[in-house]
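Here are my notes for you on this one. Have a look at the sequence and the model, then work through the points below.

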Amino acid sequence: MLTSRRRFALLSSTLAGTVAGAGVLAAVVATAASAAAGCRVDYAVTNQWQGGFGASVTITNLGDPIDRWSLVWSYTAGQAVTQAWNATVTQSGAQVTAVDAGYNGAIPTNGTASFGFNGSWNNSSNPVPASFVLNGTSCTGAVGTPTTGAPPPTTTAPPPPTTTPPPPAGNAKQMEDLNRGLVSVRSGSANLVSWRLLGTEAASTGFNVYRGGTKVTATPITNSTNYLDSGAAANASYTVRAVVNGTEQAASEASLSFANGYLDVPIQAPASGYSANDASVGDLDGDGQYEIVLKWDPDNAKDNSQAGVTGNVYVDAYRLGGSRLWRIDLGVNIRAGAHYTQFQVYDYDGDGDAEVAMKTADGTRSGTGQVIGSGSASHRNSDGYILSGPEFLTMFDGRTGAALSTVNYEPPRGTVSSWGDSYGNRVDRFLAGTAYLDGQRPSLVMARGYYTRAVVVAWDFRNGSLVRRWTYDSGNSNSGAYGQGNHNLSIADVDNDGRQEVVYGSATIDDNGAFMYRTGYGHGDALHVGDLVPSRAGIEVFTVHESTSQPAMDIHAGNNGQIVWAAPSCGCDNGRGVAGDVYAGNAGAEVWSSGVDGLRSTSGANVGRKPSSANFLIWWDADPVRELLDQTRIDKYGTSADTRLLTASGVASNNGTKATPALSGDILGDWREEVIWRTSDNTALRIYATPTVTDRRIHTLMHDAQYRVAIAWQNTAYNQPPHPSFFIGNGMATPPQPNVYLR
């Protein structure tokens with residue numbers, strides 16, 4: 001797909017240039033097909049890898065309408081088409097012929113038809129075809145005498161090639177150029193107006209609040225980023241203006257209204273029998289407002305351990321107003337279930353628009369209709385598992401859903417039984433994340449396996465192409481990360497070198513792909529990484545364990561794996577565990593799990609009764625102590641009982657007994673967190689925001705790199721809540737100013 005920000009073109013009346021790398025497009029413009037001949041061909045090498053390349057071709061008919069088409073070109077460097085979609089492509093020697101697929105045979109005047117293919121090349125030269133012939137006539141861009149008497153159309157050269165902008169000097173991290181995220185949440189007979197303090201702004205920045213055109217704050221607000229407007233109408237509209245050095249700045253965007261305490265974002269199910277599942281956010285169009293990316297699961301989705309054919313998985317993008325930007329159909333060769341599709345939403349190339357990355361396969365259809373691989377192949381076996389056929393990794397355009405770059409998924413499945421079983425359970429355990437591996441720009445992290453062999457692969461998306469950065473492979477012996485992975489991962493700068501590492505359960509992989517350490521405690525279901533012990537320097541890791549011969553749970557140093565505290569084995573699969581400061585009566589975070597009694601300090605002391613849930617956490621009320629988020633409710637921990645803060649109605653949680661939200665995080669407003677659930681009828685995503693005033697000011701958590709990438713990986717397998725790189729809780733220190741630059 002050619003967008004205004006990603007259209008790489010080389011225009012000439014006689015094209016004979018060489019494609020030096022992926023993402024280069026050549027437009028051949030010349031004369032058309034039959035009666036009133038005239039056509040244009042856009043030929044794009046979309047990605048390139050060792051021995052192979054992908055390409056897309058768009059025909060523009062500049063003459064009279066045609067009913068069927070055949071396009072012919074020749075290669076000069078031995079290229080060969082190996083598979084095609086949206087056209088039937090044959091090759092005889094150097095000559096290639098592409099014939100329409102029937103449904104796309106008719107092209108009206110000024111209309112287009114597109115198809116794509118994969119091919120092989122010699123790894124040194126991949127020249128663009130010099131000319132194209134449509135229906136027997138050479139395409140030159142000129143138009144013959146029109147039979148209708150209409151004036152000949154004109155063509156405009158596309159913009160020149162663009163490249164990924166380099167980061168600025170220094171060690172600041174790339175972050176989104178967000179707006180204020182301004183919301184008005186009904187709070188009794190008042191409205192709580194809440195907005196972001198951006199990471200690039202001074203902590204002392206003042207703000208004036210306006211209801212309509214009337215200023216309602218007597219003096220600028222400097223101690224928080226919220227304001228309670230008493231007696232105002234529920235549907236009142238607000239803006240805020242920053243005050244810098246005594247000068248009021250431009251008005252923000254208008255507020256989003258949570259007149260009933262929530263905002264409904266309408267969504268469209270792909271068919272009956274589908275439920276809205278995990279979600280993520282990203283600024284897909286560069287306007288400073290988040291959009292929502294949503295995965296749809298069929299009702300027959302399966303765990304890897306369960307046989308059975310599933311329906312297709314779909315991924316949509318929605319604006320907060322409910323308009324759908326695009327829909328990706330992952331096709332019959334991607335199975336539905338918690339461990340198969342882990343999607344990442346992030347601005348990987350720094351152009352100001354987020355991309356969306358996920359595993360794809362034969363038959364995946366992009367948001368613009370591009371078919372990846374073979375559109376007709378089905379690799380399902382009789383038990384519904386997909387244990388053969390190609391596997392791909394695709395980066396999609398966040399604006400349009402178009403496939404920008406597709407590469408082979410690494411590692412390949414190889415011999416299924418080498419991953420721990422022969423029927424297809426452990427081979428298809430996938431994890432995904434986003435990490436600042438170079439200290440400044442984000443990279444995509446995709447992984448396979450954790451019960452036995454563990455392989456973690458890092459990718460950069462630069463200049464329109466996915467390029468592998470490094471691969472970590474534990475191999476098949478019990479060393480390194482072998483057998484140490486969880487049903488989730490986390491990303492954090494555990495060694496304080498400015499670059500982030502991959503916390504892979506009971507093992508950690510360094511920013512350069514080197515193995516750092518393992519505790520040897522093995523696989524687990526829950527993982528929390530953050531400054532859990534503020535009296536101790538650095539990041540800590542908390543995880544629970546499945547093995548009955550290992551500690552039930554442990555806290556260890558993020559930089560070297562040294563054990564801070566470990567609970568004795570519970571003789572059970574300790575399947576749930578949480579770490580966070582939920583009790584002001586204990587310093588730092590508390591930890592608890594399903595298999596260990598009580599609420600524990602990070603040194604193991606029993607400091608109170610166990611909370612009522614062991615699931616998600618959320619900053620919801622006025623203080624910095626975190627609340628409990630479980631199913632469709634929010635509770636405040638207390639020494640004798642929990643206090644209910646929110647019982648959501650008309651909504652449902654996801655992922656069965658895991659009972660997780662679609663997404664929770666600092667998505668809008670001040671530093672406190674919102675929660676998104678699907679409505680029970682799957683017609684909307686309902687966003688809840690706190691109605692409670694706070695006197696605390698913290699920069700938006702979305703400009704803390706550890707927290708921001710945690711929102712990206714939250715949808716991975718067994719979803720976990722996000723943690724920032726600094727401690728938020730009772731007795732907290734003033735957080736550091738984020739060191740970021742905005743794109």
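**Notes on the model**

1. Let's begin with the layout. The protein chain splits into domain 1 (39–138) and domain 2 (163–266 + 634–742), with bounds that come from an automatic or database domain assignment. Taken over C-alpha atoms, the centres of domain 1 and domain 2 are 48 Å apart.

2. Keep in mind that this is a predicted model: local features need pLDDT of at least 70, side-chain atom pairs count only at pLDDT 80 or more, and totals for chains, interfaces and linings use all residues. Residues are numbered from 1 along each chain as its sequence is written, and side-chain values use heavy atoms, with hydrogens and water left out.

3. The mean pLDDT (the predictor's confidence in each residue, from 0 to 100) of the protein chain is 91, and 92% of its residues reach 70 or more. Over residues 1–36, though, the pLDDT is below 50; this stretch still has 135 contacts (heavy atoms within 4.5 Å) beyond near neighbours in sequence.

4. Now find Leu-646, in strand S51 (residues 643–647); strands here are DSSP runs (E, at least two residues), numbered from the N terminus. Leu-646 counts as buried because its relative accessibility is 14%, and buried means under 20% relative accessible area (1.4 Å probe, protein chains only), with exposed over 50% and partly exposed in between. Leaving aside residues up to four places away in sequence, Leu-646 touches residues including Trp-620, Trp-677 and Tyr-688.

5. Gly-520 sits in the loop between strand S39 (515–518) and strand S40 (527–530). At 25% relative accessibility, Gly-520 is partly exposed.

Key: Helices (H or I, at least four residues) and strands (E, at least two) are DSSP runs, numbered from the N terminus.
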